[in-house]
Amino acid sequence: IEISAVFQASESKREQFRRYLEKSGVLDTLTSILVALYEEPDKPNNALDFIKLHLGAAGPDPADVEALRTEISELQQKCEALTEENNELKNKLMQCEPAPEEKPAE
């Protein structure tokens, strides 16, 4: 009798956990990813990487990260150059404009 009570408690916990996974959408998500893997004509070498990628847990592609770092660096340099040019043009403009106290009287 004691063994069946433990078995029923264990089954009850499993069922609660299954309902929890179902309610939170985990089962649907995993099922759809596994179906996508099943239907994939060219099976990936690493099924776990496929699953991680479809879950969004794989992280970005290192080549994409490097390309973005390069772009950021280039844009920072361009921003610095444009800021410097802007300051130079402001200084030239200030030299061309008469000072407020030098305005002719009307």
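**Entry 1. Glu-15**

I began with Glu-15, which counts as partly exposed at 31% relative accessibility. I note at the outset that I am working from a predicted model. I then looked up which arginines pair with Glu-15. One of them is Arg-18, which forms a salt bridge with Glu-15, the closest N and O atoms being 2.6 Å apart. Arg-19 also forms a salt bridge with Glu-15, and there the closest N and O atoms are 3.6 Å apart.

**Entry 2. Positions within helix H1**

I checked where these partners sit along the chain. Arg-18 and Glu-15 both belong to helix H1, which covers residues 2–23. They are three residues apart, about one turn of the helix. Arg-19 lies in helix H1 as well, four residues from Glu-15, again about one turn of the helix.

I also recorded the accessibility of the two arginines. Arg-18 has a relative accessible area of 35% and is partly exposed. Arg-19 is likewise partly exposed, with a relative accessible area of 44%.

I asked myself which side chain meets that of Glu-22 in a salt bridge. It is the side chain of Arg-18, at 2.4 Å from N to O. Both residues lie in helix H1, four residues apart, about one turn of the helix. Glu-22 counts as partly exposed, at 43% relative accessibility. Through shared partners, the salt bridges join Glu-15, Arg-18, Arg-19 and Glu-22 into one network. I noted the total for the structure, which holds three salt bridges. As background, I wrote down that side chains of opposite charge can pair when their charged atoms come close.

**Entry 3. The chain as a whole**

I turned to the overall fold. How many helices and strands does the chain have? Its secondary structure comes to four helices and zero strands, and along the sequence the pattern reads α-α-α-α.

I next looked up burial and surface. Of the 106 residues in the chain, 6% are buried. The accessible surface of the chain comes to about 9,900 Å², and carbon and sulfur atoms account for 57% of that surface.

**Entry 4. Helix H4 and the UniProt span**

I consulted the UniProt record, an unreviewed entry, which lists residues 65–92 as "coiled-coil region". In the model, residues 65–92 are 100% helix and 0% strand. The end C-alpha atoms of this span lie 41 Å apart.

I then examined charge on the surface. Where do Glu-80, Glu-84, Glu-85 and Glu-88 gather? These four residues form a patch of negative charge on the surface. I followed up one of them: Glu-85 is found in helix H4, residues 62–96. At 41% relative accessibility, Glu-85 counts as partly exposed.

**Entry 5. A nonpolar patch**

I found a patch formed by Val-26, Leu-30 and Leu-55, with about 220 Å² of accessible area together. I located Leu-55 in helix H3, which runs over residues 47–55. Leu-55 is partly exposed, with a relative accessible area of 47%.

Conventions: Residues numbered from 1 in each chain as written. Predicted model: local features only at pLDDT ≥ 70, side-chain atom pairs only at ≥ 80, totals over all residues. Heavy atoms only, no water. Patch = residues over 30% accessible without salt bridge, like charges linked within 9 Å, V, L, I, M, F, W, Y side chains within 5 Å. Areas by Shrake-Rupley, 256 points an atom, 1.4 Å probe, with all protein chains shown as cover. Lys, Arg positive; Asp, Glu negative; His and termini not counted. Charge placed at Lys NZ, Arg CZ, Asp CG, Glu CD. Helix = DSSP H or I, 4+ residues; strand = E, 2+ residues; numbered from the N terminus. Buried < 20%, exposed > 50% of the residue type's maximum accessible area, 1.4 Å probe, protein only. UniProt positions renumbered as here; feature names shortened; annotations may be inferred.
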